[in-house]
Amino acid sequence: MTYPYVVWLVLFVVIPMLMIVFYAFTNAGNDILFFKFTLENFTRFFQDADFLRVLYTSLKIAFLTTIICVLIGYPTAYVIAKQDENKQAIYILLLTLPMWINMLVRTYAWKGILMNFDVSSEFKVFVGMVYNFLPYMIIQIYTSLAKMDKNLLNAAYDLGANKMQTFLRVVLPLSIPGVISGITLVFLPAVSSFFIPKLLGGGDYVLIGNLIETYFITTGDWNFGSAISLIMAIIIIISMYFTKKIDKKIGEE
Amino acid sequence: MEKENKNLWSKLVPNIWLILIVLFFYLPIIYVVIFSFNSTKSLNHFTGFSLMWYEKMFNDRKMLEPIYYTVLVAVIATVVSTIIGTITSIGLSKQKKIVRELVLQVNDLPVMNPDIVTAIGLMLFFISLNIETSIFTLLIAHITFCTPFVVLSIMPKLRTLDDNVAEAALDLGATPFQALTKVIIPQIMPAIFSGALIAFSMSFDDFVISFFTTGTGVSNISIFVYSMSKRINPSINALSSLIVAVVTTVLVIANVIPMIKARRPQAEVVKKKSKLSFVPYLAGALALTIFLVSFGNKTTGDFDPIAEFGSDTLNVFNYGEYIGEGVIAGFEDMYNVKVNYDTFASNEEMYTKLMSGTSYDVIIASDYMIQKLIKDKLLQPLDKDKLTNLTDLYHDALQYMEFDSEMVYTVPYMWGTVGIIYDETLIDSEDVETLGWDVFKLEKYRGMAYFYDSERDAFMVALKSLGYSMNTKNEQELLEAYRWLIEMDNAIDPAYVTDEIIDGIINGEKALGYVYSGDAAYMLCENENLRFYEPHQGTNVWMDCMFIPKVAKSLELANVFINYMLSYDIAYANSEYIGYTSPNEDVLIALSSEDGEYYEIDAYVPRIGYENDEAFINDDYIRKIISEYWVKVKLN
Amino acid sequence: MRKLIEFRNIVKTFDNQVVLKGINLNVYENEFVTLLGPSGCGKSTLLRILGGFLQQDEGTIIFDGQCIDDVPAYKREINTVFQRYALFPHLDVFDNIAFGLRIKKVAEDVIDQKVTRMLSLVNLEGYEHRNVTLLSGGQQQRVAIARALVNEPEVLLLDEPLGALDLKLRQEMQRELKRIQQEVGITFIYVTHDQEEALTMSDKIVVMRDGEIQQVGTPLEIYNEPANEYVAKFIGESNIIEGVMVEDYKVKFDEKVFDCDDFGFKENEPVDVLIRPEDIKIVGRTGALMKGEVKSVLFKGVHYEIVVETISGASKTVTMHILSEHDTYNAEANEKIGANDFFVDLEDVDALDDFNLVARANAQAWDEEENDLSIANITHNIENKVGTYDCTFQTQKNTEITIKVHVVDPVYVEDAKKNIGISAFDFFVTAEEVKESMAISTDLKTWASAEAWNLQDDSEIEITDVKFDFDTAEIKEGSYEITFATQGREYKIETTTVHEEGDKVGLTFDRNDIHVMSKMVV
């Protein structure tokens, strides 16, 4: 029963990935038959201050976006979770409705609004990212708050904890898994985003995603483009690994 | 009393916060909807109420097509991925843990990977295997990234199933297959449904993966908005508002119905579900599909293009916003054919798409790129017998067509120069006229300028300013040009844009930039304060031509189309609408004369024969150097 | 003893339903009080109001002389053991127990001492750093108790804490809880629906029903002197009979007047009479207070539970006619079809649709592999008059059989004294059908269309007794008598002596075993 899908996965997931790896480690002008492995593409990237700056900027803005999403998202999820059940459903509906509208359309909408403000490209991109990814964070945190056993709160009150103490000692620790999965859902797409910076940031605001697109579409240098993709993929795998570890660690405590 | 106040406060603050958040989420949506009713093109000044953008949208077939494709692909991808995902999940739940874990890890890849990596992987895959991109590759891509979500949705639900229930079914005489369909599947229905929903939303929303894997004529809403986003096009607002309306309605209905049902008291007796209760849903889905498919294939009229030309479809590839209104629709109606009209933003993008195996019949591109294509032997010779309209060309312009002076492979489409455009109320004409290209190094105009995001043109500006040939192979000169650009960037801190410059300067966002003469002609018409200047240091004279690549499928029809474009009426329509200068002498004279649209717009008739003006000569090696430099200039 | 808690007129409404209808109750220090009642009676609600998790709509709570209505939960000197323990999954056993102390900012070394002492009190030494989510139900429950008790509250509230445990563990924990309560010396307020639990542990039981207190008393009082039928039925096994209080010390039921120890009722007041099963003795018929027949004997380990019928119910006897096989066989289609003649009440003729005809005639058809086939076609000439009619059943392949339907206007047996009407008809059936019957009493009732009803309100009364005298496995053609009867008066008796079904016995009891209760206001 699983074999058809396994075949599909190999064909359209595994092999493409391997191809990226292949292109990343070879040079243009290589036939399938006469290829030569090289680390040139990678050295070219890491030895160039400008590219490293792009990497740094991408990580920085992804990081900032994630933090803001947590800071805004957590209170929002908390407030929603405290409402009556009917109201909760309505709020969640209100929040998810924009998510159904294409990301492109939503980002384009901000273009018009941001035109009225004299702010840096980076800020515009930042707003666009927070706007697009905040709902995911809110929903993840909300789910983990809503699932919490209400009796745990009563138990804490019963044992003498006031509302603030109950929040800090019971609610917050138990909602961490939700925060972690929210972080995953925000950081990843933020780091690899390319149309948000392109649409809102103007030509000179370049993130890793834009770099990859430029080298593939405009320059036609697939090898270098693949190398950058691989670098980004590895960054993401590493950060996933770390978040999973933190998640486990908190679970064990 | 104190307690009351505290309670009021603690109730008020959260509600205010929620309202703020909701406002934040809906602000752009409301903004878009409001501006979709704007009576002018502006994106930030509301001047009056009008339905014109909606009219335009509904009249423009090309705008409704993406909606059709988006929905079609989403529906098919959802159905297929749900079925595959369900079967796979059920199969996986019975496998050994090792196998299951391994498959799930691989299954996670499309989910964990950023979409651009998945997109590139698939693109490389298709290219390497010489699979031409089409709606099928698009579907494959969508199914690939949708199915994992279905699996992820169903697996946890399967794990929580009570084994006893399935065993009870077997005990009562059901075959394993019956146990599957009558017991297991009904139980995991909610998970299947939510998986399908996620799959649909992912497919509907996708941009990046579709962008890299779709074929000619097939675009979805996201790609369409992206391609239109360079120019201000409020029809997009209308389109967006339409999508908002549909989505809102569907979601509200979907959520309100269960709420109403829950209020009504539960029926005491469970009504027997007829075996055929799913028939209406199936019929509905079938009807929808048939409607969608037939909508996409409508042709009318008696003329049979296949009999005449051997084909009823034409794939055309052109710059964005580079053809007259209704020209394509006119051709379709005249010959009863369907034209898949794709656009690109740069010659390089066109080249990449062509190299990746997409087949086009007619392409319109620029001189230097055509040189390369001719050299690489990628073009078809034109069938001159068909090109009866090939007369009355403006010979003075043709001197710049050295790459194909006999017009074996190409015929001219539009031509012009590149020059500085500025708002004379904000920029001193003297500065422009004395400094020429160096005006871009003036700090006093810091923050007021655009610079074209095109490496070729940027280096042309720099090299010309330094007095060098823009086709130089001298690496030292190129380095100097690079430094010139860095200085320029530091001095004037321009915004790097492409077509945004047009509306940007018209609307007064910025006051200085350089553009193609054709764009300048349009801009000068729209804003009286603008001036166009071709610098004394010399500039680029360019020629865009139409040609047929070797991979063309509809050869005869391609020639017919080129001929159609060469005709006086169509050449006139094109030139008038986009403002670029026609190579057809009669058209040029007509449009620049007293009755013409571009009377007294000097940008419409560019400079000819100036000794410092040059046409581009293509050199791959130099191009790569320039490309790298340019990335660094922008990063600065 | 000091009055610790006073509930004054507590009223609580949820969603337009009044859950507590005005509760007045006093709880004294060091008491083990149990709130006993079925789900929905309001006991948990009352507990949660006391704990401060719910606010009452009306009434006040006085705690140690002070009104605590406005005191929030975390300030009340009351701790709760929740039904599903509500242990903090992210803290280990030690930290769970220490939670309340840490909130109060008690010094760590003091916490250490107290927690350790608590752990030994609940027999969980050494479990300090265990993961609470991995503990067994009983262990989790003990952690929950320790967590509450370590804060040394004046009152401990327990909300059905033993519900999730199996029987043996539950009984053990009941003893533990009682022990802890007495050792620590604080007031326990315990909520349960299990009457045995209440009897085992409590000093005082509060029986609740639908938001009202039915009775407050010691286990002995509640058991021996239940205030009304509800309490009586809730606690312990009982025989409750409707009677009339002739005068003080004399009560009449089952047509006899008995001496009893109760008084204070009005003359001839209708009452409920309670006699506990363990108080009735089975003796010889001579000189016994009542006579009857043993209907069933159940071995319960500790004793036998014997049901004796002293007054029989209404009955009706009919004749069962066993016919020879008359299935019709259709050679062409290889099908068989069979149906029986039947009697039908004139009143029921109108309701004879196809479904009923098939059922009454027990019409069946099979193919050669014994798979059931459906009856495709039914034709008949039955009218709304007394008489005999034909009815033909047919399969799709035209295999058919014709039977006789007898429409009769029968005479019911009406027992006016008992207010019961009962009817049954003679019927026809084949020996095969009797032999193949999987539940002969039920089938006999169906074949005879036996019914019993209350003469006043037409409500259905169950026919509990089906008497017949044949061997179902060896039955032959012929006619047999079947008697259907309703229940009549039965007494449940607990005794250690063995008896057999059918024994004719006598019953006797002492005057102080009779307990008269006022009739409940519905």
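User: Take the contacts in chain B between residues at least 6 apart in sequence: what share join residues at least 24 apart?

Analyst: That share is 78%. Keep in mind as we go that this is a predicted model.

User: Good to know. What is the secondary structure of chain B?

Analyst: Chain B has 26 helices and ten strands. Its C-alpha atoms fill a box of roughly 95 × 85 × 50 Å along the principal axes.

User: And how much of chain B is buried?

Analyst: Of the 636 residues in chain B, 43% are buried.

User: Let's switch to how the chains meet. Which chains share the most contacts?

Analyst: That would be chains A and B, out of two pairs of chains in contact. On the chain B side 71 residues take part, and on the chain A side 67 residues.

User: How many residues does the contact between chain C and chain A take?

Analyst: It takes 17 residues from chain C and 16 residues from chain A. On the chain C side, strand S6 (78–81) and helix H2 (93–103) are the elements that give two or more residues. H2(C) has the largest share, with three residues. The chain C side divides into eight nonpolar, six polar and three charged residues.

User: How far apart are the closest C-alpha atoms of chain B and chain C?

Analyst: They lie 11 Å apart, and no contact joins those two chains.

User: OK, staying with chain C: which domains is it divided into?

Analyst: There is domain 1 (3–231), domain 2 (237–312 + 510–518) and domain 3 (315–486). The C-alpha centres of domain 1 and domain 3 of chain C are 59 Å apart.

User: I also see a sheet in chain C. What order do its five strands come in?

Analyst: The order is S15-S34-S16-S17-S33, in an open sheet with antiparallel pairing. Strand S15 (281–283) and strand S33 (489–495) of chain C are at the edges with a single partner strand each, so one side of each has no neighbour in the sheet. From one strand to the next, the twist averages 45°.

User: How many bridges link S15(C) with strand S34 of chain C?

Analyst: Three bridges, in the antiparallel sense, with S34(C) spanning residues 504–508. Within S34(C), Leu507(C) stands opposite Ile282(C).

User: One more topic, helix H9 of chain C. Which of its residues are buried?

Analyst: Leu357(C), Arg360(C) and Ala361(C) are buried in H9(C), which runs over residues 354–361. They are on the same side of H9(C), because they cover an arc of only 90° around the axis.

User: Why would residues three or four places apart point the same way?

Analyst: An α-helix has 3.6 residues a turn, so residues with that spacing point the same way.

User: Nice. And what covers the buried residues of H9(C)?

Analyst: The cover includes four stretches of chain C: strand S21 (342–345), strand S24 (377–380), strand S25 (387–394) and strand S26 (400–408).

User: What follows H9(C)?

Analyst: Asn362(C) does, and its phi is positive, near 55°.

Conventions
Residues numbered from 1 in each chain as written. Chains lettered and ligands numbered in written order. Predicted model: local features only at pLDDT ≥ 70, side-chain atom pairs only at ≥ 80, totals over all residues. Pairing = 2+ DSSP bridges. Axes fitted to C-alpha atoms, helices over the stretch in contact; angles between N-to-C directions. Contact = placed C-beta atoms within 7 Å. Domains from an automatic or database assignment. Nonpolar A, V, L, I, M, F, W, Y, C, P; charged D, E, K, R; others polar. Buried ≥ 20, exposed ≤ 12 C-beta atoms within 10 Å, placed from the backbone. Arc of directions from axis to C-beta.
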